[in-house]
Structures are given as structure tokens and as C-alpha cells.
Amino acid sequence: MSDSAVELTPQEREANLDSATLAQLVGLVDYDETADPFPVTGWDAITFVVGNATQAAHYYQSAWGMELIAYSGPENGQMDHKAFVLRSGSIRFVLKGAVKPDSPLVDHHARHGDGVVDISLEVPDVDRCIAQARSAGATVLEEPHETSDEHGTVRMAAIATYGETRHTLIQRTIGDVTYDGPYLPGYVARTSSFVKREGAPKRLFQALDHIVGNVELGRMDEWVEFYKRVMGFTNMAEFVGDDIATEYSALMSKVVANGNHRVKFPLNEPAIAKKRSQIDEFLDFHTGPGAQHLALATNDILRTVDLLRAEGVEFLDTPAAYYEDPELRARIGEVRVPIEELQRRGILVDRDEDGYLLQIFTKPIGDRPTVFFEIIERHGSLGFGKGNFKALFQSIEREQDKRGNL
Ligand SMILES: [Fe+2]
């Protein structure tokens with residue numbers, strides 16, 4: 001490993017990832033955080049508000065192979081809600097559901113349905129980030145404060161981003177002491193009564209690659225500027241203009257990333273087209289902007305997709321024409337498995353000057369046609385599958401049409 005290898009977070013070390021593996025999985029780059037006005041180490045946790053956290057926690061364990069590690073709820077003095085913390089590799093999901101009928105989570109869920117409420121980021125210095133965010137005009141939802149339990153202390157704050165989504169900023173090391181509880185103060189360690197089937201793999205995905213945000217018509221550039229101005233993020237190369245797929249659910253998309261590229265946010269806005277776009281549908285059913293999909297990185301997408309399908313997870317269909325198109329085949333070139341293996345599973349391929357990627361998208365995971373997952377396996381490409389937009393939109397459109405929203 002070279003001297004410039006990216007330093008791993010405790011979560012990544014616990015997941016037995018090394019920096020070379022991680023660099024391939026999510027396209028990490030080395031960077032100097034001392035010059036960054038808003039240094040971000042990486043993802044801390046993704047919090048979902050759901051209608052029934054007790055059952056959702058089971059689903060993410062049984063279907064997605066995640067492991068229950070912590071809990072907060074009435075049994076440990078948190079009367080308002082239940083929250084289950086699940087892990088796969090270096091990813092943490094927190095699933096939160098209301099217990100009290102007058103919990104603010106009830107209103108939130110009524111407005112948005114199941115979805116992402118908080119994209120928490122681990123930062124080395126909360127106060128520095130908040131000072132920068134405030135001077136750049138961000139809305140500070142929670143001032144920096146400390147919370148402690150017998151495992152130590154964390155310092156945290158929160159800023160608002162698109163819609164009702166927030167970024168909680170979490171500093172787990174104060175001085176040279178790192179918090180060593182199962183998640184955050186207020187949570188207790190919890191293991192599950194759910195037992196994996198014999199022979200089931202330890203995990204189906206290792207890291208979180210990117211989270212896409214859908215924002216209102218005409219506001220994509222504003223949010224791109226927000227991440228640049230407030231959080232020091234930079235543009236990544238991929239840009240999708242409304243010229244890409246005018247016939248099919250048009251959208252525009254730009255990507256911003258933090259210094260080390262652990263955190264990548266493509267931002268979409270709908271574009272005017274003949275038909276109502278998938279972004280319009282999301283904005284209607286989510287009631288405003290929100291996180292559209294989370295891309296989970298794996299080093300074996302074939303196995304991951306097979307196991308997810310075996311547990312009943314549904315993916316978007318890819319038209320046979322996609323694999324039979326000679327132009328596409330020529331552009332894809334050689335990938336690590338025969339195209340037929342990809343076709344059998346509906347896995348998409350995209351290639352750019354740096355390499356290629358394999359990807360597939362699930363259907364929406366809740367009742368509303370809003371949030372879904374992507375599974376991604378990178379081989380050098382730092383892109384997001386721009387070449388697949390058209391094939392993908394045709395597929396999404398068929399689903400949208402079945403729901404009568406096209
Ligand atoms: Fe994606």
C-alpha cells in the first residue's frame with residue numbers, strides 16, 4: 001500500500017476493508033483535509049423514517065443481509081420512537097418509527113412516506129464545519145453540542161439540505177479519545193433474534209457509493225452551488241443534460257463529491273419532456289425534494305443480485321434490446337463476465353475512459369414510488385452510468401405506466 005493510501009474510518013476497519021479495496025469499490029481519491037473549509041471524513045449513517053421500524057428492521061436483515069447492532073426505544077427510556085441500527089460492511093442504516101401518536105415522526109411520515117430523513121456525515125471538527133456553513137448562509141438546525149454515555153462523548157450539529165432532509169455532522173473523536181459505543185449515546189447494543197440461513201454470506205454489500213437527491217424543477221444548480229459553497233464539495237465530471245433522453249422521462253443531473261470522494265451526491269431535477277418524468281413522480285409522491293436512491297457497492301454484483309432476488313427483492317427489468325444492441329456491445333467491450341450472465345440478471349454496464357461499472361436498480365422499496373436502491377460494482381469507472389440512462393428510463397417508464405403516472 002502506498003503512503004498516499006486513504007486513511008480508513010473505524011467503521012471501515014471494523015468491516016475489514018482495506019484502502020485498496022475501498023478505492024476500487026467506491027472510487028476514493030487522496031486529498032489534503034487541512035486545506036478544506038468543511039472537511040468530511042465519510043458517511044456516518046443514513047437515517048430512514050419508516051411506518052413500521054420493527055418490521056423494516058427484519059426486512060433489512062432477512063432480505064438485505066444486514067446485521068442489527070444497536071437500538072433505541074421505550075425499553076431504554078426513549079419513549080417517542082423505536083430506532084434500529086443495522087450494518088453491512090462500512091454502512092450504517094438507522095430505521096426510525098413513531099411509537100407515540102403525537103411523535104413528530106408521524107407527521108413526517110404522513111408527508112413523505114418511508115424515506116431518508118438524515119444523511120449523517122462523519123467530520124473531524126464539527127465546530128469548523130458549522131462556522132463555515134453559517135458564514136456560507138446554510139440553515140443550522142442544531143448548534144454544536146456534546147452528548148455522552150458510559151462509552152464516551154460525541155460532538156454533533158446539523159444543517160438543512162434539500163426538502164426536509166438534513167445532514168447531521170458527527171465528530172466521534174474529541175482530543176484523542178474516540179467514542180466506542182455501538183452507535184451514539186442513547187442507543188444500546190442489540191443483537192437480533194433473526195438467524196441467517198446456513199451458508200448465507202456475511203454481507204451482500206460493503207460500502208455506500210452515492211446518494212442521489214431529487215430537487216425541484218430549475219433548482220439543481222442552486223443545490224450544486226450549496227454543496228460547493230457550504231461544504232467545499234467539487235463537481236465530478238458526469239453531467240446529464242436534458243438532451244440525453246427527451247423522449248423518455250427527461251432529467252438533468254450533476255454530481256458533487258467531498259474531497260476524498262467517499263461522499264458523492266448526484267443531484268437531479270426534472271426536465272420538460274413529452275411525458276411526466278420519474279423525477280416529477282418522485283416529487284409528487286414524496287411531497288417535495290428528497291433522497292431518490294442509495295447506491296450500495298459490492299465486489300460481486302452477480303452473487304449479490306442472485307441472493308437479493310432469492311429473498312424476493314425486485315429489480316427493474318432491462319429490455320433484451322439493451323444487450324443485443326451492437327453499438328452498445330462495442331462500447332462496453334470486455335467485462336469480467338460474459339454479457340449473457342449480465343443479461344440473465346438484468347445488470348447494466350457502462351464504460352468511460354477510466355474503466356467500467358456494473359449496476360442494477362431495484363423497484364421502489366416502500367409503498368410510494370419514491371426511494372429505491374442501486375447495486376454497483378466499479379472497475380475503474382468513476383461515473384454513475386450515464387450511458388444507461390436511456391435504457392433505464394424506458395424500463396422505469398413501463399413501471400410508471402403500470403401505476404398510471406406516466
Ligand atoms: Fe446511482
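**A loop residue and its surroundings**

Modeller: Glu311 lies in the loop between α8 (301-310) and α9 (320-324); helices (H or I, at least four residues) and strands (E, at least two) are DSSP runs, numbered from the N terminus. The model is a predicted one, in which local features need pLDDT of at least 70 and side-chain atom pairs count only at pLDDT 80 or more, while totals for chains, interfaces and linings use all residues. Residue numbers start from 1 along each chain as its sequence is written.

Glu311 counts as partly exposed because it has 14 C-beta neighbours inside 10 Å. On this scale a residue is buried if 20 or more other C-beta atoms lie within 10 Å of its own, exposed if 12 or fewer, and partly exposed in between, with C-beta atoms placed from the backbone. Apart from neighbours within four places in sequence, Glu311 is in contact with Ser62 and Ala63, contact meaning that the C-beta atoms, placed from the backbone, lie within 7 Å. Phe389, by contrast, is 78 residues from Glu311 in sequence and 27 Å from it in space, C-alpha to C-alpha.

Helix α3 spans residues 53-62, and its buried residues are Ala53, Ala56, Ala57, Tyr60 and Gln61. They lie on the same side of α3 because they cover an arc of only 135 degrees around the axis, the arc being that of the directions from the helix axis to the C-beta atoms. These buried residues pack against β2 (67-72), β3 (81-88) and β4 (91-98).

Those strands belong to an open sheet of 9 strands with mixed pairing, in the order β6-β7-β8-β5-β1-β4-β3-β2-β11; two strands pair if DSSP finds at least two bridges between them. At its edges stand β6 (140-149) and β11 (188-189), each with a single partner strand, so one side of each has no neighbour in the sheet. Helix α5 (residues 126-135) packs on the sheet and touches β6, β7 (152-160) and β8 (166-171), its direction making about 170 degrees with that of β6. Axes here are lines fitted to C-alpha atoms, for helices over the stretch in contact, and angles run from 0 to 180 degrees between N-to-C directions.

Strand β1 is mostly covered, with 7 of its 8 residues buried. It runs antiparallel to β5, joined by 7 bridges; Gly42 stands opposite Glu122, and Trp43 stands opposite Leu121. With β4 the pairing of β1 is parallel, through 4 bridges, and Phe48 has Leu95 as its bridge partner there.

A further open sheet has 8 strands with mixed pairing, ordered β13-β14-β15-β12-β16-β19-β18-β17. Its edges are β13 (234-240) and β17 (348-352), each with a single partner strand, so one side of each is left without a neighbour in the sheet. On average, neighbouring strands of this sheet are turned by 25 degrees against each other, direction ignored. Strand β19 (residues 372-379) runs parallel to β16 with 5 bridges between them, and Ile376 in β19 stands opposite Ala297. Helix α2 lies across β12 (207-214), β16 and β19, at about 30 degrees to β12.

Two other loop residues deserve mention. Most residues other than glycine have a negative phi. Asn16, in the loop between α1 (10-14) and α2 (19-26), has a positive phi of about 60 degrees although it is not a glycine; with 11 C-beta neighbours inside 10 Å, Asn16 counts as exposed. Thr287, in the loop between α7 (278-286) and β16 (290-297), likewise has a positive phi of about 60 degrees without being a glycine, and its 15 C-beta neighbours inside 10 Å make it partly exposed.

Definitions and conventions: Two residues are in contact if their C-beta atoms, placed from the backbone, lie within 7 Å.
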